[in-house]
Structures are given as C-alpha cells and as structure tokens.
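Let's take a friendly walk through this structure together. Keep the sequence and the 3D view at hand as you read.

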Amino acid sequence: MSVVFNIKTATAAAIKALFDQDIPAQDIAINSTKPEFEGEYTILVFPFTKFSRLKPEDTADKLGTYLVANFPDLIAGYNVIKGFLNLSIAEKYWVQDLQQRFNNRNIGRKPANGKKVMVEYSSPNTNKPLHLGHLRNNFLGYSVAEILKANGYEVIKANLVNDRGIHICKSMLAWQIFAHGDTPQSTGIKGDHLVGDYYVKFESILKEQTAPIITRALENDFRDFSGEDLDKIQKLVAASQKPEVKADKDKLAKINDDIRELARKQTEIMQQAKIMLQQWEAGNPEVRALWSTMNSWVYEGFDQTYKRLGINFDKMYYESNTYLLGKDLVEDGLRKGVLFKKEDNSVWIDLTADGLDEKLLLRGDGTSVYITQDLGTARLKYEDFHMDRSVYVVADEQNYHFKVLQLILQKMQEPGADGIYHLSYGMVELPHGRMKSREGTVVDADDLIDEMIVTAKEKTSVEKLHDLTGDQLDGLYEMIGLGGLKFFLLRVDPKKKMVFDPKESIDLHGFTATYIQYGHARIKSILRDVAPDVTKLEGYCHKGSLLPLEKELILLNEQYETILEEAAKEMSPSVIANYIYNLTQTFNSFYAAKEDGIYTYAVRNAESPEKQKLRTQIIMLTANTITAAMKLLGINVPEKM
C-alpha cells in the first residue's frame, strides 16, 4: 500500500478515536507538503472542524499528536500551519518501503481488476504512408493501453483501417493512368510510399483541372456546372463579389473554399474517381482486384513501420467490412422511434434538445454517411468483446463527431454506449505550419525515424562505447532516436496542440528521453562497479539517519504507484513523462552533489559499508522505476550510453 493510503487510513482511525466520527479514508484530502515547510505530506483539516468544534489549528494539533503517538512507524513528527497539518514520515517507514521495492522489476503494476477496455488507435488510410500526425496518435494509443494494463485492466488494442472510399479510389485511378504497371518490387519503393505518391499525383492533376473551372466561374461562365451545383456556384460567386464580403477576409476565404470544392467536383479526374468508387461498391471484379493488390502493398509497408515503432494491435477492423453495418442499427432506431424519415426518405435524428443539430444517418437513396459506419462498428466491437470502456484515440477535429456518436448510441440504448470515451488530442504542427497530405508536404514517418537515428548517432560519443559491436551501436542509436521521438510527442498533455522540432527531441541536457536514458545508463555503470547488496538494512530508524536526497529519491520512487493511477485516470502519458524526468533530475542531483570537493552521496566510495548498501539499493530502485515507466511510453533504456 502507498504511504498516502496509509496516512489516510491512520487519519480516519484518529478521527474516529478523537471525535467519534466515521470518515471514509478515501475522502481525506492529502497533498505533498510545500517545499518551504517541514514534512512530506499535508492534511487539510478544515472539513473536520464541523465535528471537532475546535479551531483549525487546535484540530490539526490534536490529530498530529495522536498520529505520532499511535503510528510511530509511519509518522515521526508534525507541524501546523493555520488549517494545514504537515506530517514528517518516519525514516523507518522509508527504509522498510525501500527494502520491499528496490528489487521489484514489476514495480507499480496492479493485479487484474476484472474490467475490460478497448483502445482504438492508428486508424490509417490506405492511400498514403504513416506521417508525423499518425505518430502522435500511435504513441498515445499504445502508451495509454500499456498504462491501463499496468493498472490491472484487460486491454484490447484495436485498429480500424480506412481502406475504402473516394480517397482510396484517387490513388487507384492515378496508378491506373500513370504507373504503367509499377509495383513496389519493380521500383524498389516501399508499398505505402508508392501508393501515397499516386495519391499526391492525383491531387496535382486535380488542382490543374480545377484552376480553369474556378477562373471561368469567377468570370460568370458556368458551363462546367449543372443542376444543383449550378445553382450553388452562381450564389457563391455572386456572394464573393459583394463589398461587405470582400471586406471580411474570413468570410471571403470560406466562400472561396466552397467555390474550390464545387469546382473540384466538376473535374474529369474527380468524375472518374467517383465512377471507380461506384464500381467498387457494385463489386466490379477488376476494380476490386486492383483495390486488393494496392491495399496489400500498403499493409506490407504499414507492418514494416509499425515494427520499427514497436507498435502492435490485438484486433484489426477494416472499413470495407464495417461500412454497411450501421444500416441495421438505423432500422432498429426507426422501429424504436428514436430516428425519423424525411420526405426524401433520408433518415435523421433530432439532437436539438441536447444542444446539438439534426444529424443525417442515411441518405434518401439508402447510402450510408460516415457516422452510420461508426454506429455499426461500435455495435460490432461490443459484440466481439463486451468491454466496459471503448476508447477512441482521434484528433480534436472530431470532438463533435464523437459527442454525437455516443449520444445517438445512448438514445438507441445500445449496450456499451455509456463506456465510449473520446481521447481527444491536439494536432502536431511543424515550425513552418500544418502538414497537407494532398500537397505532399507531410513529414513521412519512415523518413523521420531515419532522421532521428542519424541525429542520435551524431550526438553519441563512440569513444565511451568502444566495447560495443557495430550491431550493438546501431541498436543503441535506434533506441536513442526512437526514444527521443516518442518522448517528445508524449511529454505534452494530449489536449494541447504541439509543434515538433527534431532538434529539441534529442538533447542530453533537456526535457528529453535522452536525458533520462543517460541517467539510467549512469546508474547501471555504478551498479557494475558496486555489486548490489540485497541484505536487510539496519540502523536507519531514527530522524536524521537519511540524508535529504536519499530520502527524496525513496519518496519519489514510492510515488510511482500513485502517478500510475493518475496517468490511467487522465489517460495521459504526459503524467508519466513528467514524473520520470523529475525522478531522473533528482538522481542526477544526488549523483553530482559535492561538499568541500567530496561527493555527498558517493556510492563507489561511500563513507561506510552500510551507506553503500543503502545508496546501492536506492539507485537500483530508481533504475527499475525508470525502466518500468519508460516502457509504458514504449521507450527502452540502455545499459550503456
């Protein structure tokens, strides 16, 4: 049990004994003591005054006196600052805690709690390779899954692959027109990259064909449009000419975007792509065969990238298998009266009473919209696994979509609807702005991995690693490079947008994985010189027997279990990243501290055998905590560096 749990339990017992009040231990508020005050933990006593009928200071004093007298192995002393009771933990407690934990390589992990969680992440499109934006998604999903596992949940890592739709047909059509039979084998180009090149090629041709249509439309020549689109483009062009619109940059930009999208629809190449999509949906054998072949190239490329990244999945779902499933659910909704039909036979749900809009679920011609598929897939996933919670790792651009998805499922009384959770995260940008797949300006994941490994190699001192073979050095560079990439993308709270700068991600002295990895390697170097003594420590049971940084390192390591719980509750690997950086900083202070030219916390040349044993166990515990915490981020730590 954690020290906080033990303090809460002791305090609840004290309140019962002193004031004859039963208070659940979990309701007692405890925080870390502020640095300017003596003690490690602080209890807020104001809530207790209503039954103690004493001033806050007197209530705190009575509690402190009782705790010191009745729990001497836990509480060594106290002080009162207004309504706050600051507690000093007995050094005997810290030493006993150290003895229980220092050799535990599964530190912090909890037993199974009987609850099941699915974490869906990655969700790539099969028309392009993984890029920097995908990396934050993959690292976040993988890490959250590992954190939940460490907290006792049964976790299913799922991936819904977007393998159908107009965007897939774009790359297929461009390959048909321009590839002349090229394959990954004939070109030597990785499969997902080859397909992605043709997606960019399609968009390039589309842009060329769109430009003259826009020019003609702005000159009131609407020969390219007909029917409903003709009416729309005429209204948009007329609106764009109004003085008040020209004066409003945002409004004009929105109208110009709408004009561009309408013009794109009229191009020859987009019409061909739409025909191909219709053929795919109709089961055209030739189109389906091409689709299957090109997707297989992409999957092989994805698998290579996932393997390099250390990312894995327990269950794969494919949009081509799930996009029709929602229709059955829509029929159920109509029967239940939750959904309604309009005159054109389209099916809707009215969410205006919930502060949202009416939402289309099925077009008048019976075809699905995007959310229709998600409804069906949500039902399928629950039928497959009956999980207590279903976590979707998707960028914050889809916040509204997932709010609507859960609300519809709840109104339809679908099992598992209440367990849906959207793990929303901010987009990753580059110093020069956002990436655009259409224009081929994304940062490719494979290229970025290579760049990170090269950077790691450039910043690593080979002279200190003369005993490593070439393969071992390559493995170290990859460990440092990938560690830097993962840590940089995970150290920021998921809700925040972030700017990725590769130069900052591998810095031996910064808030980086490299800093932490070097701290771990330094501990391992010491432990190679000083064999850990696992026998029981004696003589550390009185105040002053532990020096400040000895105690602080034990305390920080003890907090790991609580940090792990917090990270799971918030679904934020940044909680782990910040904690492990702080722990490493404290170790480095411990390692480097000097007084009169002598190392204060020397391990190799400790002032006594008992001190050497104590410090060896402290740094061994620290190394195990670093290893366990970094593993939850998907990052390995080296023995030498």
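The labels follow a simple rule: helices (H or I, at least four residues) and strands (E, at least two) are DSSP runs, numbered from the N terminus. Gln413 is not a glycine, yet it has a positive phi of about 55 degrees. For context, most residues other than glycine have a negative phi. Gln413 counts as exposed, at 69% relative accessibility. Here buried means under 20% relative accessible area, exposed means over 50%, and partly exposed lies in between (1.4 Å probe, protein chains only). Another non-glycine residue with a positive phi is Asn220, at near 65 degrees. Asn220 is placed in the loop between α8 (191–218) and α9, and its 55% relative accessibility makes it exposed.

Before going further, a word on what you are looking at. This is a predicted model, in which local features need pLDDT of at least 70 and side-chain atom pairs count only at pLDDT 80 or more, while totals for chains, interfaces and linings use all residues. Residues are numbered from 1 along each chain as its sequence is written, and side-chain values use heavy atoms, with hydrogens and water left out.

Now step back to the whole chain. It contains 25 helices and 16 strands, and its C-alpha trace spans about 90 × 65 × 55 Å along the principal axes. Of its 641 residues, 51% count as buried. A contact means heavy atoms within 4.5 Å. Among contacts with a separation of 6 or more, 73% are between residues 24 or more positions apart.

Next, look at charged pairs. Side chains of opposite charge can pair when their charged atoms come close. A salt bridge is a side-chain nitrogen of Lys or Arg within 4 Å of a carboxyl oxygen of Asp or Glu, and the whole structure holds 38 of them. One joins Asp224 to Arg216, with the closest N and O atoms 3.0 Å apart. Asp224 is partly exposed at 24% relative accessibility, and Arg216 is partly exposed at 23%. Another pairs Asp229 with Lys265, where the closest N and O atoms are 3.3 Å apart. Asp229 lies in helix α9 (residues 227–240) and Lys265 in helix α11 (residues 249–266), so this pair ties together parts that are 36 residues apart in sequence. Asp229 is buried, with a relative accessible area of 13%, whereas Lys265 is partly exposed at 30%.

Glu550 pairs with Arg615, their closest N and O atoms being 2.8 Å apart. Glu550 belongs to α22 and Arg615 to helix α25 (residues 609–632), so to speak two distant parts of the chain, 65 residues apart, are linked. Both Glu550 and Arg615 are buried. How much of α22 itself is buried? The count is 9 of its 11 residues, so the helix is largely enclosed by the rest of the structure. Among these buried residues are Leu549, Ile554 and Glu558. Their cover includes α1 (3–19), β2, α4 (91–101), α23 (560–570), α24 (573–592) and α25. Glu558 also takes part in a network of salt bridges with Asp97, Arg101 and Glu561.

One of those covering elements, strand β2 (residues 41–44), holds Thr42. Thr42 is buried, with a relative accessible area of 9%. Its side chain makes a polar contact of 2.6 Å with that of Asn86. Such a contact is a pair of N or O atoms within 3.5 Å; within protein, one must be able to donate a hydrogen and the other to accept it, and residues adjacent in sequence count only if both atoms are side-chain atoms. Leaving aside residues up to four places away in sequence, Thr42 also touches others, including Ala29, Ile30 and Phe84.Our last stop is the second largest pocket, with about 650 Å³ of space. On a 1 Å grid over the protein atoms alone, a pocket is an open set of points where a 1.4 Å probe fits, with protein on both sides within 12 Å along at least five of seven lines; lining residues have an atom within 4 Å of a point. The 25 lining residues include Gly39, Glu40, Lys551, Glu552 and Leu555, the closest to its centre. Helix α22 returns here, giving the largest share of the lining, 5 residues.

Methods: Points joined across faces, edges and corners; volume = space filled by probe spheres on them.
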